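Morning, everyone. Please bring up the model and its sequence before I start.

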Amino acid sequence: MAVIAKVYLVLYNVILTLGWSIILVLSVQHLVKKKSHIGLYSSVEKPLQVFQSAAILEVLHCAIGLVPSSVVLTAFQVASRLFLTWAIAYSVPQIQDSPGVTAFILAWSITEVIRYAFYAFSLLGSLPYFLQWCRYTFFFILYPIGVTGELVSIYSSLRYVSKSGLYSVSMPNAVNFSFDFHLFLIMVMLSYIPSNFAREYENITVLLVLARPLVSVEFLPPVFRRHFSGKPVVTSLNVSCFLGLRCPGF
């Protein structure tokens, strides 16, 4: 059973690596040929929907014990991506050419190519140093770009959602239930409060670098350096699982 599970996880990660590579290549091709982000979403819409939706399997992987990570945290992470993919980018076509959508597509695709390749090689017991370096270094750039893109996309959708009443439910109705999707989006945006973002960014960065010290401390921003004096090194798997940052295979 262990061998079957390992083979399955390797295949899963290889397929997702290839899938996100397709998204990345198509995105870069569009930017090079068109010299504009306009229309980029349309060029990657289908593969983006397919391979991001495939991440639902990662919740199942946790639920059945195939990978050692929190089902709740994983479900939350996957749901947030699916929310941006389907409830925002797909459901509000007016914002598909927003710079925010382009930003999170590029950030997601680079992140996922690295992440799934990292897990595939880890499972095979042959992890290249360069891939390790990318895994724990690109985060500094891709995380803020991705979050900013998500915020810009949600903000751009607000006026269209407000006008159309998309996904909103008004009373009276048979079940006496109301839901304001526009207000819900505002609440989602408030969850990206700068102070919380900065604190989470610092904490995750510290733990990632402690997990596998591939970046010299002197190259870190001053705010992070104070955390490394005399700190023990822990395994990347433990840190990733503790943070809910996608353990190998899911």
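Just after α7, Gly165 takes a positive phi of about 70°. This is a predicted model, where local features need pLDDT of at least 70, side-chain atom pairs count only at pLDDT 80 or more, and totals for chains, interfaces and linings use all residues. Residues are numbered from 1 along each chain as its sequence is written, and side-chain values use heavy atoms, leaving out hydrogens and water.

Now α7 itself. Helices here are DSSP runs of H or I, at least four residues, numbered from the N terminus. α7 covers residues 139–164, 26 residues in total. From first C-alpha to last, α7 reaches 37 Å, close to the 38 Å expected at 1.5 Å a residue (1.5 Å times one less than the number of residues).

Where does α7 bend? At Leu158, by about 35°. That bend is the angle between axes fitted to the seven residues ending there and the seven starting there. Leu158 is also buried, as are Gly146, Glu150 and Ser157, among others in α7. Buried means under 20% relative accessible area, with a 1.4 Å probe and protein chains only.

Next, a helix pair. α4 (residues 71–90) and α8 (residues 181–190) pack at about 145°, axes 13 Å apart. Axes are lines fitted to C-alpha atoms over the stretch in contact, and angles run from 0 to 180 degrees between N-to-C directions. Which residues meet? Phe83, Ala87 and Ile88 in α4 meet Phe181, Phe184 and Leu185 in α8, with heavy atoms within 4.5 Å.

Last, the record. An unreviewed UniProt entry places "transmembrane region" at stretches including 73–92 and 113–131; such annotations may be inferred rather than shown by experiment. Residues 73–92 are 90% helix, with end C-alpha atoms 27 Å apart. Residues 113–131 are 79% helix, with end C-alpha atoms 10 Å apart.

Notes:
Helices (H or I, at least four residues) and strands (E, at least two) are DSSP runs, numbered from the N terminus. Buried means under 20% relative accessible area, exposed over 50%, partly exposed in between (1.4 Å probe, protein chains only).
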